[in-house]
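Please keep the sequence and the model in view while reading.

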Amino acid sequence: MNNDQFIRYKALDQCFRAEYGNFDMETLIQVCTRAVQGFHADCERRVSRSTVEHDLTELKIRYGIRFAEGLRI
(Lines give C-alpha, C1' and ligand atoms only; values in the text may rest on other atoms or scores of the structure.)
Protein backbone atom coordinates (compact mmCIF):
# COMPACT_ATOMS: atom_id res chain seq x y z
CA MET A 1 0.00 0.00 0.00
CA ASN A 2 1.45 3.36 -0.97
CA ASN A 3 0.98 6.70 0.81
CA ASP A 4 -1.73 8.00 -1.50
CA GLN A 5 -3.74 4.81 -1.13
CA PHE A 6 -3.46 4.97 2.65
CA ILE A 7 -4.60 8.61 2.63
CA ARG A 8 -7.61 7.74 0.46
CA TYR A 9 -8.54 4.79 2.72
CA LYS A 10 -8.34 7.02 5.77
CA ALA A 11 -10.51 9.70 4.09
CA LEU A 12 -13.11 7.10 3.06
CA ASP A 13 -13.11 5.64 6.55
CA GLN A 14 -13.82 9.07 8.05
CA CYS A 15 -16.73 9.54 5.64
CA PHE A 16 -18.31 6.23 6.58
CA ARG A 17 -17.82 6.82 10.30
CA ALA A 18 -19.56 10.20 10.11
CA GLU A 19 -23.02 10.12 11.63
CA TYR A 20 -24.46 12.56 9.14
CA GLY A 21 -25.03 12.66 5.44
CA ASN A 22 -25.23 10.22 2.61
CA PHE A 23 -22.21 10.21 0.36
CA ASP A 24 -22.52 9.75 -3.36
CA MET A 25 -19.59 8.78 -5.55
CA GLU A 26 -18.84 12.37 -6.60
CA THR A 27 -18.59 13.46 -2.96
CA LEU A 28 -16.25 10.56 -2.14
CA ILE A 29 -14.06 11.50 -5.12
CA GLN A 30 -13.88 15.11 -3.88
CA VAL A 31 -13.05 14.01 -0.32
CA CYS A 32 -10.26 11.72 -1.54
CA THR A 33 -8.92 14.41 -3.86
CA ARG A 34 -8.79 16.99 -1.05
CA ALA A 35 -7.09 14.50 1.26
CA VAL A 36 -4.38 13.66 -1.28
CA GLN A 37 -3.89 17.32 -2.20
CA GLY A 38 -3.55 18.15 1.49
CA PHE A 39 -0.71 15.65 1.74
CA HIS A 40 1.02 16.79 -1.47
CA ALA A 41 1.08 20.58 -1.33
CA ASP A 42 1.98 20.97 -5.02
CA CYS A 43 -0.49 18.36 -6.32
CA GLU A 44 -3.21 19.58 -8.67
CA ARG A 45 -4.45 16.24 -9.97
CA ARG A 46 -7.86 14.83 -9.19
CA VAL A 47 -8.46 11.32 -7.90
CA SER A 48 -10.28 9.36 -10.59
CA ARG A 49 -13.60 7.61 -10.25
CA SER A 50 -12.02 4.26 -11.06
CA THR A 51 -9.45 4.76 -8.29
CA VAL A 52 -12.15 5.42 -5.69
CA GLU A 53 -14.21 2.47 -6.99
CA HIS A 54 -11.13 0.24 -6.67
CA ASP A 55 -10.47 1.51 -3.13
CA LEU A 56 -14.07 0.81 -2.14
CA THR A 57 -13.87 -2.69 -3.60
CA GLU A 58 -10.63 -3.36 -1.72
CA LEU A 59 -12.13 -2.10 1.54
CA LYS A 60 -15.16 -4.30 0.97
CA ILE A 61 -13.15 -7.45 0.17
CA ARG A 62 -10.29 -7.08 2.64
CA TYR A 63 -12.05 -5.58 5.61
CA GLY A 64 -15.66 -6.65 5.15
CA ILE A 65 -16.94 -3.09 5.15
CA ARG A 66 -20.56 -2.82 4.09
CA PHE A 67 -21.81 0.22 2.26
CA ALA A 68 -25.22 1.82 2.04
CA GLU A 69 -27.44 0.24 -0.57
CA GLY A 70 -27.59 3.46 -2.57
CA LEU A 71 -23.85 3.38 -3.20
CA ARG A 72 -23.05 1.07 -6.07
CA ILE A 73 -19.50 -0.02 -6.65
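## Accessibility and overall make-up

A residue is termed buried when its relative accessible area is under 20%, exposed when that area is over 50%, and partly exposed in between. By this rule E26, at 33% relative accessibility, counts as partly exposed. The model discussed here is predicted.

The chain has 73 residues, and buried residues make up 33% of them. Its secondary structure comes to three helices and zero strands, in the order α-α-α from the N terminus on. Among the contacts in the chain with a separation of 6 or more, 53% are accounted for by residues 24 or more positions apart.

## Helices α1 and α2

Two packed helices are described by the angle between their axes and the distance between the axes. Helix α1 covers residues 3-17 and helix α2 residues 25-39; their axes come within 9 Å and cross at roughly 130 degrees. The two helices are therefore oblique to each other. The crossing in which α1 passes α2 is right-handed.

On the α1 side, the residues that meet α2 are N3, D4, I7, R8, A11, L12, C15 and F16, and their partners in α2 are L28, V31, C32, A35, V36 and F39. Sorted by class, this contact has 11 nonpolar residues, one polar residue and two charged residues.

## Helices α2 and α3

The axes of α2 and α3 come within 10 Å and cross at roughly 95 degrees. The pair is therefore roughly perpendicular. From α2, the residues M25, L28, I29 and C32 meet R49, V52, E53 and L56 of α3. By class, six nonpolar and two charged residues take part in this contact, with no polar residue.

L28 and C32 are listed among the α2 residues that meet α1, and L28 and C32 are also listed among those that meet α3.

## Salt bridges

The count of salt bridges comes to five. One of them joins the side chains of R45 and D4, at 2.8 Å from N to O. This pair links distant parts of the chain: R45 lies in the loop between α2 and α3 (49-63), D4 lies in helix α1, and the two are 41 residues apart. D4 counts as buried, at 14% relative accessibility, and D4 is also among the α1 residues that meet α2.

Another salt bridge is formed by the side chains of R46 and E26, at 2.2 Å from N to O. Because R46 is in the loop between α2 and α3 while E26 is in helix α2, the pair ties together parts that are 20 residues apart in sequence. A further salt bridge has the side chains of R49 and E53 meeting at 3.3 Å from N to O. R49 and E53 are four residues apart in helix α3, and so are separated by about one helical turn. R49 is partly exposed at 45% relative accessibility, and E53 is partly exposed with a relative accessible area of 29%. Both R49 and E53 are among the α3 residues that meet α2.

## A residue facing the loop contacts

Is T33 buried or exposed? T33, placed in helix α2, is buried, with a relative accessible area of 9%. When residues up to four places away in sequence are not counted, T33 touches R45, R46 and V47. Among these partners, R45 forms the salt bridge with D4, and R46 forms the salt bridge with E26.

Conventions
Residues are numbered from 1 along each chain as its sequence is written. This is a predicted model: local features need pLDDT of at least 70, side-chain atom pairs count only at pLDDT 80 or more; totals for chains, interfaces and linings use all residues. Side-chain values use heavy atoms; hydrogens and water are left out. Axes are lines fitted to C-alpha atoms, for helices over the stretch in contact, and angles run from 0 to 180 degrees between N-to-C directions. Angles under 35 degrees count as roughly parallel, over 145 as roughly antiparallel, 65 to 115 as roughly perpendicular and the rest as oblique. A crossing is left-handed if the near helix is turned anticlockwise from the far one by less than a right angle, and right-handed if clockwise. Contact means heavy atoms within 4.5 Å. Ala, Val, Leu, Ile, Met, Phe, Trp, Tyr, Cys and Pro count as nonpolar, Asp, Glu, Lys and Arg as charged, and the others, Gly among them, as polar. A salt bridge is a side-chain nitrogen of Lys or Arg within 4 Å of a carboxyl oxygen of Asp or Glu. Buried means under 20% relative accessible area, exposed over 50%, partly exposed in between (1.4 Å probe, protein chains only).
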